[in-house]
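Please look through the model below before reading the notes. They are written for someone who has not seen this structure before.

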Amino acid sequence: MNKSTLAVTGLAVTAAAGAGSIASPGSAPGWYSRIRKPAYQPPSIAFPVVWTTLYGDIATSSAVAIDRLRAAGHHGKARRYAAALGVNLVLNGAWSWLFFRFHKLGASALGAAVLATSSADLVRRTAEADRRAGLAMLPYAVWTAFATVLATHIWRLNR
């Protein structure tokens, strides 16, 4: 894997994570603790552990995919992959703003669904470039699909 590609994907993922964390400042836990949540809501400690792992995986798997595409001479596909990754990371960071900062539960459920769709597409693109990297990226799509179910249920409980 090219270290410069990993540096770029790592910076992009870090920017998305940072944008999402800015949206959920210290005031959010008060609001969040008051809303109703389903019984299958993971414990709070699960979120930073899962997201840190997923963000590392997204950066690494994406770097592998981009490098494989470039090495095969598929520069257009590599550019389209990078664009899809950028869109996905914007959606990822934006979800926290919808949910934690603006408390838009319905919009955040829709945003989660769009993110899950984008994540599934990113897994597909990754697997086309490198099967093992695609498999490594699969938990991201699964987690965002779960997040869609959870966000939708939270919205329904709090309407």
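1. Basis. This is a predicted model, in which local features need pLDDT of at least 70 and side-chain atom pairs count only at pLDDT 80 or more, while totals for chains, interfaces and linings use all residues. Residues are numbered from 1 along each chain as its sequence is written, and side-chain values use heavy atoms, with hydrogens and water left out.

2. Main core. The largest nonpolar core has 23 residues, and those with the most contacts inside it are Ile58, Tyr81, Leu122, Met137 and Tyr140. Helices H1 (3–23), H3, H4, H5 and H6 each supply at least two of its residues; H3 gives the largest share, eight residues. A nonpolar core is a set of buried Ala, Val, Leu, Ile, Met, Phe, Trp, Tyr and Cys residues joined through side-chain atoms within 4.5 Å. Buried means under 20% relative accessible area, exposed over 50%, and partly exposed in between (1.4 Å probe, protein chains only).

3. Met137 and the second core. Leaving aside residues up to four places away in sequence, Met137 touches Asp57, Ile58, Ser61, Ser62, Tyr81, Leu122, Val123 and Thr126, contact being heavy atoms within 4.5 Å. A second, separate core has 11 residues, among them Tyr32, Ile35, Leu150 and Ile154.

4. The whole structure holds four salt bridges (a side-chain nitrogen of Lys or Arg within 4 Å of a carboxyl oxygen of Asp or Glu). One of them joins Asp130 and Arg68, at 2.7 Å from N to O. The two are 62 residues apart, with Asp130 in the loop between helix H5 (105–129) and H6 and Arg68 in helix H3 (residues 46–71). Asp130 is buried at 13% relative accessible area, whereas Arg68 is partly exposed at 45%.

5. Arg125 and Asp121 form a salt bridge with closest N and O atoms 2.7 Å apart; they are four residues apart in helix H5, so about one helical turn separates them. Glu128 and Arg124 form another, at 2.9 Å, and these two also lie four residues apart in helix H5. Glu128 is exposed at 56% relative accessible area, and Arg124 is partly exposed at 40%. Through shared partners, salt bridges join Asp121, Arg124, Arg125 and Glu128 into one network.

6. Backbone at His103. Most residues other than glycine have a negative phi. His103 lies in the loop between helix H4 (75–101) and H5 and is partly exposed, at 36%.

7. Surface patch. Leu135, Leu138 and Val142 form a nonpolar surface patch with about 270 Å² of accessible area together. Patches are made of residues with over 30% relative accessible area and no salt bridge, like charges being joined within 9 Å and nonpolar side chains (Val, Leu, Ile, Met, Phe, Trp, Tyr) within 5 Å. Accessible areas come from the Shrake-Rupley method with a 1.4 Å probe, and for residues only the protein chains shown count as cover. Val142, in helix H6 (residues 131–157), is exposed at 52%.
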